[in-house]
Amino acid sequence: TKSRSRLNAFHEVKDQDAFVPEGEIDLLIPPPPRLGNTIVDLEDVSITLGDRTLFRHMNLSLEEGQCTGVVGKNGVGKSTLLKICLQQLEPTSGKAILGKQVKINYIDQSRMQLDGTGSLLDEISDGNEKIEFGDENIGARAYLRRFLFSDERINERVDLLSGGEHARLMLAKVLKTGGNLIVLDEPTNDLDLQSLRILEEALAAFRGTILVVSHDRYFLDRICDQIVAFEDDGVKVTPGNFSYYLEKRQARENAARAQATAANRSAKKRSSNKKEKPRKLTMAEAKELETLEDKAMEADDVVTTLQEKLSSPDIQTDFEQIPVIMAELEAAKKVADELINRWEFLEEVKANSPMK
């Protein structure tokens, strides 16, 4: 199943040691209620707010057992997309359908708060010994132990918790609500590593549907099997995790560059074929040709450096820097293409120049 695939992927991510708690972690999210055939479907959806169009003609379907990650720089429309999916906002055109059997658990920073200075038990269950967990009642203390709280800490005051304990208690509070569609808006911002791993494990084992906005590449790699990316030229929906999306984006860029280069060369060749007589290089062209190949290779090295920078983990989690570097990369590619095309043209003129 997709849920099992996500769980397996969680344990297989390279260079990230899996968090192993002391003892077994039981279910952290209640089993989801049954979903119907339709969960969320966007059909040819466009949205304009004021005089700004955020996206056009988007088609998106969320399926049972699927985790969809939404990525893009700030202000491009990610939260607006969530509101449309949840029918909190009508699209300007197109159709947004929310299934009748969908029960939403919406988790954003406003919900990731704790109420007061009572005990952990007060916070999670208003002091009761039982909490609702899906279709059953379970012990509140047992549930808190699933989030690695000892019996002694369960009676502790909330305002005396460490930062990591505070984060784990917040997760326990919001995840126990359950639902069959969990929507998370930047859930990892204030989580320490241990709390983040607990959230990843919980979501990976969840059998419902997940929609999450995040800037955290590794988090998206661990749990997602579909990416919705807000790019400069529109919204792209790609199956797979975030790393696979990056590979596909780079492949698109390389293909577009190759196509543009081929078209440019073809046009130059057609233009060259129309010339009636071959000619010699001018003195200026001959001097230019002496250094042109080195300049073209240096420009190509700049392209390679920027591509490597764009693929680095630090940059891929910084969605403010990504468009800046992509703009630099496009400019560098243009310079490299122009130099290479110029070098090839002058070499062709030189090769076809008439003999004395």
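Q: Start with L148. How exposed is L148?
A: This is a predicted model, to be clear. In it, L148 is partly exposed, with a relative accessible area of 25%.

Q: Where is L148 found?
A: L148 sits in the loop between α4 (140-146) and α5 (151-154).

Q: And what is phi of L148?
A: Near 70 degrees. That is a positive value in a residue other than glycine.

Q: What about D126, what is its phi?
A: D126 has a positive phi of about 55 degrees, and D126 is not a glycine. Its place is in the loop between α3 (120-125) and β6 (130-133).

Q: Is D126 buried or exposed?
A: Exposed, with a relative accessible area of 70%.

Q: Which residue takes a positive phi in the hairpin of β1 and β2?
A: G50, near 65 degrees. That hairpin has two residues between the strands.

Q: In what sense do β1 and β2 pair?
A: Antiparallel, over seven bridges. Strand β1 covers residues 40-49 and strand β2 covers residues 52-62. As one of the bridges, V40 is partnered with L62 in β2.

Q: Switching to charges. How many salt bridges are there in the whole structure?
A: The search finds 18. In general, side chains of opposite charge can pair when their charged atoms come close.

Q: Give me one. What does R145 form a salt bridge with?
A: With D151. The closest N and O atoms are 2.6 Å apart.

Q: How exposed is R145?
A: R145 has 40% relative accessibility, so it counts as partly exposed. D151 is at 38% and also counts as partly exposed.

Q: Which residue does R222 meet in a salt bridge?
A: E200, at 3.4 Å from N to O. R222 lies in helix α8 (residues 217-223) and E200 in helix α7 (residues 193-205), so the pair ties together parts that are 22 residues apart in sequence.

Q: Are R222 and E200 buried or exposed?
A: R222 is buried, and E200 is buried too.

Q: While we're there, how many residues has α7?
A: 13. From its first C-alpha to its last, α7 reaches 18 Å, close to the 18 Å expected at 1.5 Å a residue.

Q: Which residues in α7 are buried?
A: Among them are L196, I198, L199, E200 and L203.

Q: Now the inside. How many residues does the largest nonpolar core have?
A: 47. Y143, F147, L175 and V212 have the most contacts inside it. Helix α6 (residues 163-175) gives the most to this core, with seven residues.

Q: What is F147 in contact with?
A: Leaving aside neighbours within four places in sequence, F147 is in contact with L28, R168, L171, A172, L175 and I198.

Q: What lies apart from that core?
A: Another core, of 26 residues. V45, I84, C85 and V213 are among them.

Q: Where does L339 lie?
A: In helix α12 (residues 321-352).

Q: How far apart are L339 and E298?
A: They are 41 residues apart in sequence and 10.0 Å apart in space, C-alpha to C-alpha.

Q: Zooming out, how many helices and strands are there?
A: There are 12 helices and 11 strands. The protein has 356 residues, and buried residues make up 43% of them.

Q: Last topic, confidence. What pLDDT does the protein average?
A: 83, with 87% of the residues at 70 or above.

Q: Where does pLDDT stay under 50?
A: Over residues 1-25. The model has 44 contacts beyond four places in sequence for that stretch. Where pLDDT is low, the predicted coordinates should not be read in detail.

Note on methods:
Residues are numbered from 1 along each chain as its sequence is written. This is a predicted model: local features need pLDDT of at least 70, side-chain atom pairs count only at pLDDT 80 or more; totals for chains, interfaces and linings use all residues. Side-chain values use heavy atoms; hydrogens and water are left out. A salt bridge is a side-chain nitrogen of Lys or Arg within 4 Å of a carboxyl oxygen of Asp or Glu. Buried means under 20% relative accessible area, exposed over 50%, partly exposed in between (1.4 Å probe, protein chains only). Helices (H or I, at least four residues) and strands (E, at least two) are DSSP runs, numbered from the N terminus. A nonpolar core is a set of buried Ala, Val, Leu, Ile, Met, Phe, Trp, Tyr and Cys residues joined through side-chain atoms within 4.5 Å. Contact means heavy atoms within 4.5 Å. pLDDT is the predictor's confidence in each residue, from 0 to 100. The expected span of a helix is 1.5 Å times one less than its number of residues. Two strands pair if DSSP finds at least two bridges between them.
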